[in-house]
Amino acid sequence: MIEFQNVSFSYEKGKSVIKGLSFSIADGEAVGLIGANGAGKSTVMKLLLGLLAGEGKILVDGLEVNRANLAAVRKKLGFVLQNSDNQMFMPTVYEDMIFAPLNYMVSREEAEQRVDRVLSQLGLDYLKHRYNHKISGGEKRMAAIATVLAMEPEAILMDEPTSALDPYNRRIVINTIRALPQTKLITSHDLDMILDTCERVILLSDGQIAADGPADEILRDRALLEANHMELPLSLCGRE
Amino acid sequence: MNKMDKALQEIGEMDELAARSSPIHNLSATAKLLSTIAYIVTVVSFDKYDLSGLAPLLLWPVLLFQISGIPVRTCFYKLRIVLPLVMAVGLFNPFFDRHIILRLGTIAVSGGVVSMLTLMLKGVLCLMASFLLVATTPFDSICAALRKFHVPKTLVTLLLLTYRYVGVMTEELAVMTDAYHLRAPGQKGIHVSAWGSFLGQLLLRSMDRAQELYASMLLRGYHQHFHYAPQKPFGKKDAVFLAGSLLLFALLRFVDVAQLLGGVFVR
């Protein structure tokens, strides 16, 4: 589904943030992208979405991420931003959810059906006509996920989906992510959430892959995590 | 809630006003946009001394306020920052134009005073009409209507993003103001020594967020078209509204209604 082939990128000349990155993600796989601050996680996401252009080749469902394919690639990828305020820019949740389908020329009738289906699937029917500036942070995060699901993307990318959420809302978001059948790529410092939602983890360090393997193995490796400025997930502390 | 949070809430309230339902809300954005432009052109076309000719044009916004159910006080409350600026436009006219053109009993009124009042009224009328358009039509629908008239994509996108970014900038300003006051207890406002860095930071932070917001639009298929905007087709009622409005403007522009009414009551 997603393939990085020797991808490099630098914001400043001579200072590479991503260095010859190669990995692939299969259909339906849930992958956690972890690493310390500045490791290059957000840059990887932006490269994948075509918001940045680097060297090397990135493929999404066989399509190369380049200017010509950008619209088709973006249609396949749903991106949940870390700051839901930046994602929810329309007045109401309904208008935000219908924004993408209508832009992709889905008929209004079908788009409205999608909105109802997704809201019902996430148990958020009560949010449909609420104003974005009047809903809570947790509701906004769930609504942001709903706006992406209404696109019916083939893969979902999430940037820190549980940041700034209370434990109750965090659990709701985690359960929602777990239930999604799509391919998932999630960046987060919340390693407990990654452990709960992803079967595979890619650990980035200084723009390169430091480890790539089953989440249960990598997230139990205290030495590896500490060498990369991270710690064991709280749920595994004392039990590794 | 600080001032900025209140400002944010007010921006949100404009969207709520636009989402209401009334005969005016239910008209197509195209009809409302055209009639508003025609109204503003009519208002602006009056001579600077033609105060009595201009006054009857109040009729149109008053009618629209009544039919749409939007309280007039909401309009003046939301325009409270802009109104004084508009009113100030002709403030110096009385000093430059002193020739007497009118006598009210024993009081001589100079051309400067009349032109000042005319300019003020013109400003107020144009603002009221613009407010009514935005308060009865979702902003994205206005943008869609502008595109129908082949206003350049870039210009319309700029307008749309400006509208969206006002909220973003206000949010950032609210956060920064709170952070400043928490470390400057008892201080009123922002000290002049911090203005430079404060504004610089505000600009950088707002740009960051604005970029992310625009990226979010692009990632969900935005390509400077407005398929997603709620658009009501231009129907019979829109044609009637538009034709009625244009007729009314023509009548008020070319017939001195004030003089006619005066002739009826004063013989």
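Reader: Which residues of H2(B) are buried?

Author: This is a predicted model, so everything here is read off computed coordinates. H2(B) has 17 residues and reaches 24 Å from its first C-alpha to its last, close to the 24 Å expected. Its buried residues pack against H3, H4, H8, H9 and H12 of chain B. The buried ones are B:Ala29, B:Thr30, B:Ala31, B:Lys32, B:Leu33, B:Ser35, B:Thr36, B:Ala38, B:Tyr39, B:Thr42 and B:Val43.

Reader: Which element gives the largest share of the lining of the second largest cavity?

Author: That cavity has a volume of about 50 Å³. Its lining includes B:Ala29 and B:Thr30, along with B:Ser141 and B:Lys148. The elements giving two or more residues are H2 and H9 of chain B. The largest share, four residues, comes from H9(B).

Reader: Switching to charges, is A:Lys76 buried or exposed?

Author: A:Lys76 meets A:Asp61 in a salt bridge at 3.1 Å, N to O, and A:Glu154 in another at 3.4 Å. A:Asp61 is partly exposed at 36%, and A:Glu154 is partly exposed too, at 37%. A:Lys76 has a relative accessibility of 16%, and the cut-off is under 20%, so A:Lys76 counts as buried.

Reader: How many residues apart in sequence are A:Lys76 and A:Glu154?

Author: The two side chains meet in a salt bridge. A:Lys76 lies in helix H2 of chain A, while A:Glu154 is in the loop between H6 and E7 of chain A, so the pair ties together parts whose separation is 78 residues.

Reader: What is the relative accessibility of A:Asp96, the partner of B:Arg220?

Author: Their side chains meet in a salt bridge at 3.1 Å, N to O. B:Arg220 lies in the loop between H11 and H12 of chain B and A:Asp96 in H4 of chain A, so the pair joins two chains. B:Arg220 is buried, at 2%. A:Asp96 is buried as well, with a relative accessibility of 0%.

Technical notes
Residues numbered from 1 in each chain as written. Chains lettered and ligands numbered in written order. Predicted model: local features only at pLDDT ≥ 70, side-chain atom pairs only at ≥ 80, totals over all residues. Heavy atoms only, no water. 1 Å grid on protein atoms, 1.4 Å probe; cavity = no way out; pocket = protein on both sides within 12 Å on 5 of 7 lines; lining within 4 Å. Points joined across faces, edges and corners; volume = space filled by probe spheres on them. Expected span 1.5 Å × (residues − 1). Buried < 20%, exposed > 50% of the residue type's maximum accessible area, 1.4 Å probe, protein only. Contact = heavy atoms within 4.5 Å. Salt bridge = Lys/Arg side-chain N within 4 Å of Asp/Glu carboxyl O.
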